[in-house]
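Please open the model in a viewer and keep the sequence panel at hand.

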Amino acid sequence: MSNDSTKKTIIVALGVCLVCSVLVASATVALRGRQLQNKKLDKIKNILQAGNLLDEQKKNDTDYIMDLYNKQVRPAIIDLKSGDIIPESEYTDKLNPEKFDIKAMSDSPEYGERIAGDLDIASIKKMPRVMAIYMVLNNEQIEQFILPVYGYGLWSTMYGFLALNRDLTTIGGITFYEHGETPGLGGEIDNPLWKALWQGKKAFDENNTVKITVIKGKVDTLEPGAEYQVDGLSGATLTTRGVDYLVKFWLGENGYGAFLAKQREVLKNE
Ligand SMILES: Cc1cc2nc3c(=O)[nH]c(=O)nc-3n(C[C@H](O)[C@H](O)[C@H](O)COP(=O)(O)O)c2cc1C
């Protein structure tokens with residue numbers, strides 16, 4: 001067969017394609033474990049950052065991160081409807097804080113459910129009936145609750161954590177570990193300066209009604225109600241509106257409402 005023949009050209013091209021696809025597939029399989037590990041570590045880092053626990057100088061030190069997490073954070077799974085903490089004896093392969101996957105649980109017939117359109121202010125359509133949450137302990141006393149939150153922005157579903165201090169009203173911090181908003185615009189939800197604006201804000205009023213709001217523009221700190229307001233991101237009103245809605249949804253009665261009400265009673269009696 002001549003080197004210029006069409007048949008030989010096609011055979012060589014197919015051979016190159018085959019070798020390349022085998023190489024890409026092998027690399028994908030070989031790196032899958034590492035990718036999952038990195039994703040898990042990033043989530044843990046975000047939990048610690050939401051709770052303002054992480055020393056930013058050491059944020060790339062895996063041993064430090066895991067040590068801090070294991071010492072100070074206790075995960076739990078809660079039933080969102082009843083607000084009860086599910087006993088560890090009921091954990092299964094899926095119902096397990098270490099393996100908890102919000103997307104898989106929302107899709108699962110056993111643990112997920114559809115949200116009625118008029119209630120779905122976070123535009124998530126489905127949610128799990130149970131949720132893995134994280135409690136920050138100090139001398140065995142709960143200092144913070146770190147709650148997973150998610151909702152739609154402009155382009156994507158934004159997944160993050162909101163920390164509530166022991167009073168169950170003051171916000172300890174917020175982080176997002178997964179989103180597809182535009183860098184420099186909606187992507188500024190990752191900006192540490194913006195995230196810092198949440199710390200110390202009040203999520204609820206004295207009647208435990210959700211009050212926290214991301215406003216358009218800057219908060220006038222001299223105006224009454226400033227403690228319930230966070231600056232919007234300029235040029236990214238649609239993303240920040242999404243953050244506003246998702247926080248309201250998850251802190252409200254269809255999100256963590258029942259759990260927070262139960263914890264208020266527990267902490268009041270302590
Ligand atoms: C390419 C492109 C990407 C954009 N990405 C975002 C985004 O991620 N989040 C967002 O809220 N607005 C984004 N916008 C801007 C919105 O269309 C809209 O103008 C903006 O949210 C309004 O915010 P403002 O009222 O603060 O100006 C984008 C616009 C363009 C053209």
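The expected span of a helix is 1.5 Å times one less than its number of residues. With that in mind, note that this is a predicted model, and select residues 6-50, which form helix α1. This helix has 45 residues and reaches 61 Å from its first C-alpha to its last, close to the 66 Å expected at 1.5 Å a residue.

Next, centre the view on R32, where α1 has a kink of about 40°. Proceed to the end of the helix and select I44, N46, I47, L48, Q49 and A50, which are buried. What do the buried residues of α1 pack against? Their partners are α2 (62-72), β1 (73-79), β4 (130-138), β5 (141-152), β6 (157-165) and β7 (171-178).

Now turn to the largest nonpolar core, a set of 51 residues. Select I146, L147, L162, L246 and W250, the residues with the most contacts inside this core. Two or more residues of the core come from each of α1, β1, β4, β5, β6, β7, α5 (237-251) and α6 (257-268).

Finally, display the ligand and select its surroundings: L154, W155, E181, T182, L185, G186, S234, G235, A236, T237, L238 and T239. Coloured by residue class, this shell divides into five nonpolar, six polar and one charged.

How values were computed
Residues numbered from 1 in each chain as written. Predicted model: local features only at pLDDT ≥ 70, side-chain atom pairs only at ≥ 80, totals over all residues. Near = placed C-beta within 6 Å. Nonpolar A, V, L, I, M, F, W, Y, C, P; charged D, E, K, R; others polar. Helix = DSSP H or I, 4+ residues; strand = E, 2+ residues; numbered from the N terminus. Bend = angle between axes of the 7 residues up to and from the residue. Buried ≥ 20, exposed ≤ 12 C-beta atoms within 10 Å, placed from the backbone. Contact = placed C-beta atoms within 7 Å. Core = buried A, V, L, I, M, F, W, Y, C linked by C-beta atoms within 7 Å.
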